[in-house]
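Please read the points with the structure open.

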Amino acid sequence: MLTVEHLRVREREGQLSLPALQGRTLQRAQQFAEAYLGIARRCTGRSRAELEGEVATVEVGLRERPLAAGLWKLVLDRCRFEEDQGIDYIALRRRVFEEASRRRKECLAGGIFDRLNVLEALAPEFGLDVQGLEEKLFGDLPESQTLLEADLRSPAQLLRDYEIARVQALLLRASALEIEWLPRRSEETRALFRKLKFLQLLYRVDPLPAGYRLTIDGPLSLWGPTQKYGLRLALFFPTLLQCVDWRLRAQIRFRKGKRASTFEIDASSLPRAAQALDEETLRPELTSLLERFGDHPRWRVERAEEIMPLPGLGVCVPDLRFEDRESGALVYAELLGYWSRQGAWQRVEMARRGLPHPMLFLLPKSLRISEENLDEDAAAELYVFRQQANAHRVAERLSRLVEKAKEKPRKIKKLAR
């Protein structure tokens, strides 16, 4: 991933933009891409120091340095290096230095210290010759690592990756995102929400006449620049590229001590991701719960596919779908608790106003929210856990929700899938 040091940006009247790759800049970018990809291919099987040495021979102008450095960073990210795992480098160096120190002290009484004699004496001990011992002495340093393979692409694909990586680098400094998108497939919506939850991003969803508005906020907007949350925003961006119709507006604090600027981009500005939609991201807490419910005698559990629009409250996207094997009753579960208690209180308010299906909200104890915040007759339950949810206690709450639904039946709305 790139960082802001790899970027050249334009800032005018509070608007931030990335200069387009066109004309002379595009031509030079293509030349850099071809050169760096060629070097990586030629240097397979050679050391990192040799690789970096060849890269240094590429002529780069002063104003071209961010562009060249960014392209090389993307190539380097696709290279796999490995050191020799059969040697204990620390023990080797300790033995060599101790022997050299001993011999140097002997030379103080008279004599000449010869470095080569030290290596000749110790090389057989490690099954090496003098040259091999010399090479292995610092073989665990990055520059000594060997380039095993490089997952390289064509120059054109590298430039497309660079365009996306530039936006990700900007999002490292983002304090808030607002995304409007028109789902063409229900899979797009589910993939977005699952990625949001997997990355523990705070978000609010509002239905639009056509599509949704997604507002992502977090600690950056409250406490100033920190790339810990910005990194999650950057990692979320490729999932958005898998959608067809979207527009993103971000507040970026590009320079320290200055106000945030607005950065805007839409689906027409970047190539759409070619890979399949990411349907596998699920929080570890939920994965563990799924496994423990795998052979439950009463409850059948699977990942939820439904989306619950709640007028005046936004949208609720449950994580798991529980089905009572006996009655066929459904109960949905959602894991809460990211950077603040805000999301949990929103769900409490949703439950108080009424939900289309019984809901179980799972909350970590760190949120400091009591299970008693919901009334006994609410169509939802709060379950607070320490490190992981207890399957037995989850089952108890599911059964209680089914009994509540029987006592107080209500009209069930058809959910979007």
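1. Basis. This is a predicted model, in which local features need pLDDT of at least 70 and side-chain atom pairs count only at pLDDT 80 or more, while totals for chains, interfaces and linings use all residues. Residues are numbered from 1 along each chain as its sequence is written, and side-chain values use heavy atoms, with hydrogens and water left out.

2. Overall make-up. The protein has 13 helices and 16 strands; helices (H or I, at least four residues) and strands (E, at least two) are DSSP runs, numbered from the N terminus. Of its 417 residues, 47% are buried, where buried means under 20% relative accessible area, exposed over 50%, and partly exposed in between (1.4 Å probe, protein chains only). Among contacts (heavy atoms within 4.5 Å) with a separation of 6 or more, 68% are between residues 24 or more positions apart.

3. Surface. F97, F138 and L141 form a nonpolar surface patch with about 260 Å² of accessible area together. Patches are made of residues with over 30% relative accessible area and no salt bridge, with like charges joined within 9 Å and nonpolar side chains (Val, Leu, Ile, Met, Phe, Trp, Tyr) within 5 Å. F138 lies in the loop between helix 6 (130-136) and strand 4 (146-150), and F138 counts as partly exposed because its relative accessibility is 38%.

4. The whole structure has 29 salt bridges, each a side-chain nitrogen of Lys or Arg within 4 Å of a carboxyl oxygen of Asp or Glu. One of them joins R80 and E149 at 3.1 Å, N to O. This pair links distant parts of the chain, with R80 in strand 3 (residues 79-82) and E149 in strand 4, 69 residues apart. R80 is partly exposed at 43% relative accessibility, and E149 is partly exposed at 43%. Another salt bridge joins E264 and R249, with the closest N and O atoms 3.2 Å apart. Here E264 is in strand 9 (residues 261-266) and R249 in strand 8 (residues 246-252), 15 residues apart.

5. K404 belongs to helix 13 (residues 391-407) and E381 to strand 16 (residues 380-385), 23 residues apart.

6. Helix 11. The buried residues of helix 11 (residues 284-292) are L286, S288, L289 and L290. Their cover includes strand 10 (299-303), strand 13 (320-324), strand 14 (330-335), strand 15 (359-364) and helix 13.

7. Cavities. The structure holds five cavities of 30 Å³ or more. On a 1 Å grid over the protein atoms alone, a cavity is a set of points where a 1.4 Å probe fits but cannot get out, and lining residues have an atom within 4 Å of a point. The largest cavity contains about 80 Å³ of space. Its lining residues include R190, F193, R194, K197 and L282.

Terms used: Accessible areas come from the Shrake-Rupley method with a 1.4 Å probe; for residues, only the protein chains shown count as cover. On a 1 Å grid over the protein atoms alone, a cavity is a set of points where a 1.4 Å probe fits but cannot get out, and a pocket is an open set with protein on both sides within 12 Å along at least five of seven lines; lining residues have an atom within 4 Å of a point. Grid points are joined across faces, edges and corners, and a volume is the space filled by probe spheres set on the points.
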